[in-house]
Structures are given as structure tokens and as C-alpha cells.
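Hi,

Here is the complex I promised to pass on. Have a look at it first, and my notes follow below.

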Amino acid sequence: MSFDPILADIRFGCGLSPAIAPPDSAAALLAQLRAPDAIAAAFPVETFPQFRQRMVERARQTKIRRNNRGTPQAEAARKAARRLNQVARKDAMAWLAHHMLRRTHTQNPFRERLAFFWGDHFTARGKQGIIWRGTSPYVESAIRPNMTGSFADLLIAAVTHPLMLHYLDQWNSYGPASPAALRSRRPRGLNENLAREVLELHTLGVDGPYSQDDVRQLAELFTGMTMQVQVGFKFDKHMAEPGAEMVLGKQYGGTDNPHIRDVQAVLRDLSVHPATAAHVARKLAVHFVSDVPDPDLVAAMIRRWRETDGDLGTVYAAMLDHPGAWDMSRPNVKQPVDFIGSACRALAIPPDALTPPDEKALQQRLFDPMALMGQIWERPEGPDGWAEADSDWITPQGVAARLQWAVSAPQLLMPQLPDPRDFVISALGMRAPRAVQFAAAAAETRPDGVGIVLASPAFQRA
Amino acid sequence: MTLTRRRFLTRSALLGCSAAASPLITPMAFASAPWDNRLVVIILRGGMDGLAVVRPYGDPDFAGLRGDYAPGATEGPADLDGYFALHPSLRPLMPMWQAGHLGFVHAVSTPYRDKRSHFDGQDLLEAGTGSLGDGRDGWLNRLLQTVPGAEAETAYAIGRDTMAVLSGPAPVSSWAPDSDLALSPQAMRLAELVMSEDPAFAAALAQAYDLAGSDGDAVETAPEMMGGMSENMIRTQASGTEGMARFAAERLRGDARIAAFSLNGWDTHNMQARGLARALGTLSQTLLTLQDGLGGPVWKKTTVIAMTEFGRTARINGTGGTDHGTAGAMVMAGGALRGGRVIADWPGLAQADLYQNRDLRPTRDMRAHAAWVMRGLFGLDRATLERKVFPDLDMGADPGLLL
């Protein structure tokens, strides 16, 4: 078991492409992460600061409406606000198409896979109004630029991001003895949601060495972090609980001047905690290699994490350099986003198939089928994101939806489908199973032949 | 369920005629149910706030924690028994309550304590074990393992969520009523061929094919297939909880005896008046749909248990919501139920009565109530329930949940 270009493209990239050669070494795969992010420019997704301007405008219209009740001006503002929501919904659908086009045409597919992995590890989403559409901009701004440096930087970028503060209720959490809580007429208090998920999901893991007291103390330490539509992230010291907090036996804060530096300090310590190294390194191996990764592979990644204080680029290198990364005995099943993305890449669907975006067509070709496969785009049920276990995806309705998409969607995306007898080799490489080669040739129509190849376990596993 | 290739080919060949969509003529529809009674388990994911749903307005400390929630005759909370009142959003269920087909168990929990994680809490609730890591089967699956004659058709996991409560070695069926399969017979045969070497895919496809023909939105017939592909073929059906409840009722009227699905939206950290009303509206609609779909005679044999991973904090938090807590309430319904009661060994809400000074104190393991229901419905002996289905459970005294 050692580096193999085809497996590299399938397992760590977005699948084989008829137009783009697979990487010829682990070094080449890693070099993808240092290359300029040209594909992001070709198929843009709005940054969060840009996206926030939509929230600002929405708030402005709401204010106009509130201040002019019963007037034509209020009615115009109501319509304008609704229009803003519609445009955001339409644009979010276009961003989904751009994610798929990035996967289809990128020279650096490992970057796309990592952006999805980390966006999922740090799941955040809007809960009401226009911010409902903010997930892709969050990933574009907080995750994508921070995937190869230290985990601390990524952790801080994600946990302090306005969308995360909104999603896990931090924006509205007040230190019980903070000046803002004491002078407020409304009851103001602590919300421990973000603190709990940072320990349980983002860093130590649920089996990690923390207690309810640590959750509570971390929640108190987090007070002060908030988000405002007009400015985005804000540290409001009036919301911060006075005094020091003890998290995992170490004291933070406690100066007269609460500061975001205290939050950053605890996150930096959490990022290098051995339990964090074990939890997150293992999750990487499970996501990219197998539900039951070689323990020695995981151990090598943990070791590298601890040697480098969580330098992610070198942790990826430790994974790719280990023979366990190339083990084919228990391959993963692709998640729906990876399945559809790799199908688009195998077909090399042209950009205009998904642009200019016809919202309804995109919904029918991408969003709805993914939902039936079990993945409602950017709407996982909870902050733990999407399931890693293959058994969560290989269900009757999941397999039915994949098969249905495979035989019906490609022809809507491409004017001319490839000959299935050629496609089976370009999509699966020279080791396409004989049964799949037979089926590709035996299909009655091109769409059926292409669909059967895509639906084969050989294509659906990585 | 394993479907032999031969059977699969038979069924594929039938696809060309529209009658193939009917489950009645397929060789899969054999009646085999081990008992006549029905059980529906609903997992309320997110942590339902039992104190807001079944409100102990008779407790002198309740108003201090939650405000003045005096019941009203026609609006606001509905009085249940002079001590507890029902959340206004469940008022549509009052006829069910009055008929004795709706009941509640209060101040109960799983054995899960203190970390208050949704995911661990749900894992433990569905595993039915005393602590995490004691195995990955769900308790409904272990129930099926004890029953000779249980087929995959006996139990259904419904909807897009994974139902860990039903997973395990005993075969079960699962289906999202909004899935569909529309393929030519040849494509279906080839799909079966390419998946045949991969047992997980092969089993899932076989089951999907079986279900797609019987969930009300028929498998497309061959002539339509030849007419070219339409956008319709990849379009989803309207999803939703009502579809799940309808599908559950339909299967339970047939050979199925157990159905499980989940209702989400209970994690009300923020401004919970709004979110909770929405979630309860869905719960109410689901129970009414089940009652309606099952119809009188089958409803009479049915018990519905709705349970959640934990309750929420006794106090309202700083953002008009509640945080993860410990004990909560369990909702029960069905014509087999001796309802019209709130069963509770009420622990009180005074500061000193709260668990860890913050949560409603658990007074009993809710697995005991589920076990007593299964004992009544399925005639399982106590040793099986206490050792196999819910390991290390002490069922305690019979709460007399069923008629």
C-alpha cells in the first residue's frame, strides 16, 4: 500500500476527470494547497463581509417599515425586504452550483475536499432571516483561507465568526454579573451552547477530559463575544463576566479589562490539547480514508499534530505519507456532495450547464436530489454536521436517490453524454470492475449506461 | 432483508405493467406479524422542554420559574388535572386526552447525566443502555431480536433521519416516503448487477425497490421511461412529517407492528415561545394523522411513545429560552393506552429540589415506562426486558399504562 495517483484523485480529490491528470505524488497532492486559488475566482462565492451588507440592507428596510407603519413607504420597504430574501436564496443556489463547478474543473481538488471537511467540522448556519443563506460566505471567509496553517488559527476564525456566534447563541450570552446584564431591565444571562460545542465537537471531543464546570467557565469566558449586523464580530466588554475563569485547570482573564485575547488564549490552549489532537486527527482519517482507519495511521497523525502544535499542512502530510492512507480494504462511501461533485467531474460538465443559474433547475438537479440522498445542503441537523459512518448514507432511500439521480440528471447537465464504454474507464480508471464494464456496454441507452457507472459501488466508494 | 437475484428479476420483469406498483401481487407481501398490537416510537430530537409542554402550574414554585401560566377554558394552557396544564399548541389533542387516548409521564429521563450533549443523549436514548459505549444496537432492534417470526417488514424506520433505535442485527425496513425509483427494467437489472458484489449497496437497493412500489407514489412504468427523461424524475415529493405519519399508519395497518421516526426542532435555547409552538404543532398534527390513518380498530391496538434525550433547565435563560437539562416529559398516545393521566412522582421545583440546582430532577428511568408498554403490548417477560432489551434496567412497579 503506497501512493497511487488514481486512488489519490478519488480519495483525496474530487474523483477522476477526463480533462485533468491526477497528482503523481503525495508532494504534488500537498502542493495543490499552496497553489493560487484560481478556481475560487473562476466560480466565485461571496465573502462574509460582502454577504453582511445584505443583512445591513435588510435591517435598514425593516427599520423604515417600523418607523412608517401604515404608509406606502412601509409597504415599499416590506417588498424590498422580501426581494432581498429572494435574491439571497437565488444566490445561495448559485453558490451550490459554483461549489460543484469548482469540484468539476479545479486543478487542486484536495482544497475543495478540505474546505468541505472543515466547514462541516465547524458547522454553522443561519437560523432566521437573510443570514439563513450565510453558510457558504462563512466557509469562504473563515475556513478556506485557514486550512493549511495552525489549527489554532482555524479554530479561532471559526469560533469567533459572526455566523457561529449567531448559530450557537453566543451573540446573546451575557455574563450574569456583567455591567450590561446588571443594568438591563430584561433578564440577561449566560448561554452555554457555543462553549459546550467547542469542547465537545470542535476540540476535545465528547469523551474528552472536561466537566460541566469547564463548560460553564468557558461560557463565562466567552461572554463579550457578540455579533452586530452593522459591524459583524464585536467584543463588547460590557457583556463580559467580570473575574477570572478556570478552564481545564488553567486560569484565564481576570484583568479589569476583559478582552478577546482571553478567548483566543483558551482556544490556542485547546487547539494543542492531546485530546484535541486525538479527536480531530482521527476524524480526518475517518473522513478521508475509512470508517475504521488503520490505528497506526491515526497514531502517526496524532503524533505529528503534537510535534507541530497542530500544524495542519504537516498533519495532512503525515496522513498521505502513511501506507494506511492507501488501504483499499474498507473504503468510504462518498457523501452526497462528493458523489454529485465527482460525477460532475467525471462528466466534465461544462460551466454553462449550471450557469447562468436558473434557480429552479438547480434545485431540481442538485439541491432536491441531495436532500433525498440524506444531505440537505448546508442544513445538517445539528452542530455535529454530517455523519461520517457509511451506514448513514447507504440506506434504501439514499441508494434509490443516488441511482435515480445518476440515470436522469447527467443528460440534463450535458448536451451529449459520453459513450458508456469509454466513460466506465475514464470515471473508474483501468481497474473498473468487469461487472461495471459489462453493464455499461449492456445498457439500452447512453443515459442508463452512464448512470449505471455512476451508481456502481466502485464509483460511490472512495 | 435479502432479496434473491431471482426474485429481483421476477419483480423487474413485472415493472412493464402498471400493476407492478401494487404490493399485493408481489411475492414480498406475506403476512407474518408476530403479534397484533402496534407500537410507534417517536424520537423528539433536540431536548423537549417538558416543563413548558406539561406545565405543573399547581407547583408553588412554577410561576416563579416560568411566569404565570394559569390555564384558560378556551385559550392559553389547557388544564389537565388541576395540577398540570397542557401547552396551548397541544390544544387540538384535548379530545384525545378526554377520550383517554393521550397521557404523559413527567419528571423522567434516560440514565444520561451531566454532560448534556444532544448527540450522546440521543445515542443513549436510542441504545436503551445504562451508559454510553455499551453497544451500538437500538433497543427496538434488540426487542425484535427476541421475537421469533419477526421479519424486516415487522418494523419500519421512517424518514430521512437515521433511526439508531431500530438499528442492529435484526432486519428492519426503512424508507423515506418521498423517495422514488423510476428506471427501465433493463437499467434496474444492471444496477442490481453492479451492486451485487457489495452487500450494503445490494441490500439497500433491494429494499428500496420493494418500497418504491408500495409507498403511494408508484414506480414509473416502462413506456413513460422510453419517452425521455423529464425533470420530474429527479424531483422530490413534498416531504414532511405528515407524510411520515401517513406512511407509518399505512404500514401498521398491514404487516408492520413497529414504526419509528423522529420529529426535530426541540432545541429551544432562544426565544422559545415561538420555536416550541412550531414543534408542538407538528407533534400534534403527527398524532392526529396517526389516529386518523390507523382508523378505529387498529388505533385501538396502538400505543405511541414520544421521548426526548433530556429536558431543559428549570429556569428561563438570558435569551428567553432554556438550556440543556435533565428530566423531562414523555408523551404517550393511542387507543391501547389508559390515558387521561399525567403520571409523575413530582419532585418539586423549589431550589433545593432541582437537580444540580438547575434542572427538573429525574424521578424514574423512562426506559421503565417503555418496557412496561412493551410488556403489555407484546407479552414479553420481565427478564427479557430487563436484561436483553434494556440491559440492567429495574422496571420497578407497573405504572398501569395500558388498558
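For the complex, the predictor gives an ipTM of 0.93 and a pTM of 0.73.

Some housekeeping: this is a predicted model, where local features need pLDDT of at least 70 and side-chain atom pairs count only at pLDDT 80 or more, while totals for chains, interfaces and linings use all residues. Residues are numbered from 1 along each chain as its sequence is written, chains are lettered from A and ligands numbered from 1 in the order in which they are written, and side-chain values use heavy atoms, with hydrogens and water left out.

On to chain A. It has 24 helices and four strands (DSSP runs numbered from the N terminus: H or I of at least four residues for helices, E of at least two for strands). Its radius of gyration is 24 Å, close to the 23 Å from the globule rule for 462 residues, so chain A is as compact as a globular protein of that length. The radius is taken over C-alpha atoms, and the rule is 2.2 Å times the number of residues to the power 0.38. Of the 462 residues in chain A, 60% are buried, where buried means under 20% relative accessible area, exposed over 50% and partly exposed in between (1.4 Å probe, protein chains only). Among the contacts in chain A with a separation of 6 or more, 75% are between residues 24 or more positions apart.

One residue to look at is Glu220(A), in helix 12 (residues 212-222) of chain A. Glu220(A) is buried, at a relative accessible area of 14%. Beyond its neighbours within four places in sequence, Glu220(A) contacts Leu190(A), Glu241(A) and Glu245(A).

The buried ones include Pro185(B), Met188(B), Leu190(B), Glu192(B) and Met195(B).

Cheers

Notes: Contact means heavy atoms within 4.5 Å.
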